[in-house]
Amino acid sequence: MTERRERFETSSGIELPNDFNPSNTEPIDLQRDLSSPGEFPYTRGVRRNMYRGRFWTMRQYAGFATAAESNERYKYLLSQGTTGLSVAFDLPTQIGLDSDDPLSAGEVGKVGVAIDSLEDMLTLLDGIPLDKVSTSMTINATASTLLCLYLAVAKRQGVPFDKVSGTIQNDILKEYIARGTYIYPPKPSLRLITDTFEFCASEVPNWNTISISGYHIREAGSTAAQELAFTLADAICYVQAAIDVGMKVDNFAPRLSFFFNSHNNLLEEVAKFRAARRLWARIMKERFGAQDRRSMMLRFHTQTAGSTLTAQQPEVNIIRTTIQALAAVLGGTQSLHTNSMDEALGLPTESAARIALRTQQVIAYESGVADTVDPLAGSFAIEELTTQLERRAIEYIEKIDAMGGMLRAIETGYVQQEIQDAAYTYQRAVETDDAVVVGINKFRIEEDRSVPILSVDPQIERDQIDRVQALRDKRNAALANAALNRLVSAASGTENVLPEILACVESYVTVGEISHALRKVWGEYKESVTI
C-alpha cells in the first residue's frame, strides 16, 4: 500500500512504525519505569492528583516600554484570569546596561520592559501584592540584581521574604549555547548562581532560584532529544558547582526548576516531558545521592514554540499554540505560557494576549484532559517514545561527561554545532518541501489585510533616559558609592555577593552600575565562534 513518505520519524529522528504494538516496543516495568503519579521516578507527574487538585499556573509573558505601561498590562492579565506574572525585560536590562548607556540606543523598552533601578521596579509592581502573586522573571546575566530589586519591593510592601514566591531564569549556560545575553565569563557567572542558591536557601525559601532552560536551545533549532539532553546536562553542571562550593544537595535542589519548549509534534513532546521527569529523578538519586524526594522532582514551566509562529496567516498560529499547549498539559507541566498569534510580527496586542490566555482556559475547563492524571500513560506509542528519548538523552550526557562536562562541551563548540546541524537539517527539509509549514510552503494565500501590531513610541526611550539621569541626581551619592564599594570588595573575595547587591539596589544604585562594577572585577566573556 502506498504511503505519503518513505520514512516517518520525529524531530529527533526516531522512526515511527505503522503502529506501535508489543512486537516493536520495549516492555515496561511498571514499578521501575512508571510507578504511580507523585511517586519515584515521577514519570507520570510530580503530584499524586496533579490537575485534579489545582490547574497549572497560567502565566502570560509580558513586559514592554516603561514600567508603568507594563504594570497596566499585568493588572489587565490578572483581571482576565492569569494566575501568575511572567516578566519580559528589554535587552539593555538583560545585559546589564542602563537606558542612557550609548549601547542601549534604539533598544530601550523594545523586547521587554526597561528596568534601571528600584524606582522602576516599584512602578512595575505597584498595586500587585507580592505575598499573593507568583512572579517569573526571564532574566539571566543580571538575574541576581533583578531578584534583589524584587525583594526590595517586597520589603517596601511589608512582605517577609519567606512569603515571596516566584522564579528567576538565572540559567547562564544556555546563554553561551543559544541565546547570547551573557556578561561575565563562566566561572564568575556560576559563582553568582551558587551565591543565589545559598542566599535563597536561607532567606527566600519559596523562591525558585533557577529555571534551567531548554526553551532557547529548542528555539535555536535543536531536536526534542537535544533539548532534553542539553538541558539536563546544564542542570548537572549547576548541581555539581553548588556541591563543589560546599552546599548539600538537598538544601538547594528542591528549589531547582526547569523551562521547556512545547513544539508541534504532540506525541513526541508529551513523551519528552515524561522522559525528562524520569531521567532527572534517576540522576539526582543515583548520581548525586539526593535523599529528599523534592530534590528528585523535575518541576517545569512550558512556553509554546515561538519559532513555529508565522507572519503569514497569523491566525493559524492560534491552532499551533493550542496543539503545543495541549502537549504541555498532557505532559504534566506546572505552569504554562501560550504565545499570542501576532508574536511573529511584534509584541502581543492586548486582544491577542487574551486569546492566548483563553486557549489555556479552554484546555483547563472544557477539554477534560485535566480531569485524570497522565491520561496517555500505557499507550504503546507514548511509552516507547518516552523510552527512546530518555535513551538518546543519556547518550548525549555520557558523551558530554567524557569531554569533561558541560562547560568544556560549550567551550569546544560541541553543543552549539549539534544544534546548528539540527537547525540546518530542518530548514533544508522546509525548503525542499519535505517538511510542510502551513502558509509558508503549502496552502499559501494572497493576504490583503494586516493584523494590528503593538508599537513602542520612540519618546519612551527619551523619557526613560531622563528618569534614570534624574535618579542619579537626587539619590544619596555617598550611600550609593559606599554600597558599590562593598559589592566590589565582596566580588573580589569569596563572600556571598547577594546581600551587597540588595544593599546596592536599596541605595538606588542602577542595574548598569552594578553590572559595570562586577565587569571590572570579573571581566567579560568573549564568544568562541563555531562554524
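**Figure 1. The surface and overall build of the protein chain.** About 21,900 Å² of the protein chain is accessible surface, and 50% of that belongs to carbon and sulfur atoms; such areas come from the Shrake-Rupley method with a 1.4 Å probe, and for residues only the protein chains shown count as cover. Keep in mind that this is a predicted model, where local features need pLDDT of at least 70, side-chain atom pairs count only at pLDDT 80 or more, and totals for chains, interfaces and linings use all residues. Residues are numbered from 1 along each chain as its sequence is written, and side-chain values use heavy atoms, with hydrogens and water left out. The C-alpha atoms fill a box of roughly 80 × 60 × 50 Å along the principal axes.

Figure 2. Of the 531 residues, 57% count as buried, where buried means under 20% relative accessible area, exposed over 50%, and partly exposed in between (1.4 Å probe, protein chains only). Take the contacts with a separation of 6 or more: 78% of them are between residues 24 or more positions apart, a contact being heavy atoms within 4.5 Å. As for charge, there are 54 positive and 69 negative side chains, and the centres of the two sets lie 4 Å apart. Lys and Arg count as positive and Asp and Glu as negative, while His and the chain ends are not counted; the place of a charge is NZ of Lys, CZ of Arg, CG of Asp or CD of Glu.

Figure 3. The largest nonpolar core has 135 residues, and the ones with the most contacts inside it are Met-121, Met-137, Trp-280 and Met-406. Helix H9 (residues 224–244) supplies the largest share of this core, 13 residues. A second, separate core has 5 residues, among them Phe-64, Leu-347, Val-456 and Ile-460. A core here is a set of buried Ala, Val, Leu, Ile, Met, Phe, Trp, Tyr and Cys residues joined through side-chain atoms within 4.5 Å. Back to Met-121: setting aside neighbours within four places in sequence, Met-121 is in contact with Ile-115, Met-137, Leu-146, Leu-149, Tyr-150 and Val-153.

Figure 4. Most residues other than glycine have a negative phi, and most peptide bonds are trans. Phe-40 and Pro-41, though, are joined by a cis peptide bond with omega of about 10°. Pro-41 sits in the loop between helix H1 (30–34) and S1, and Tyr-42 is also in the loop between H1 and S1. Tyr-42 has a positive phi, near 65°, and counts as buried because its relative accessibility is 2%. Asn-170 has a positive phi too, about 55°, in the loop between strand S4 (166–168) and helix H6 (173–179). With 5% relative accessibility, Asn-170 counts as buried.

Figure 5. Thr-57 belongs to strand S1 (residues 57–62) and counts as buried at 17% relative accessibility. Not counting residues up to four places away in sequence, Thr-57 touches Thr-83, Gly-84, Gln-334, Ser-335, Leu-336 and Gln-360. Gly-81 lies in the loop between helix H2 (67–79) and strand S2 (84–88); at 29% relative accessibility, Gly-81 counts as partly exposed. Leaving aside neighbours within four places in sequence, Gly-81 is in contact with Leu-357 and Gln-361. The C-alpha atoms of Gly-81 and Ile-501, 420 residues apart along the chain, are separated by 34 Å.

Figure 6. Ala-422 is part of helix H16 (residues 414–431) and is buried, with a relative accessible area of 14%. Apart from residues up to four places away in sequence, Ala-422 touches Gly-221, Ser-222, Thr-223 and Gln-226. Ala-422 and Arg-218 are 204 residues apart in sequence and 10.0 Å apart in space, C-alpha to C-alpha. Glu-286 is in helix H11 (residues 266–287) and counts as exposed at 62% relative accessibility. From Glu-286 to Leu-487, 201 residues apart in sequence, the C-alpha to C-alpha distance is 38 Å.

Terms used: Helix = DSSP H or I, 4+ residues; strand = E, 2+ residues; numbered from the N terminus.
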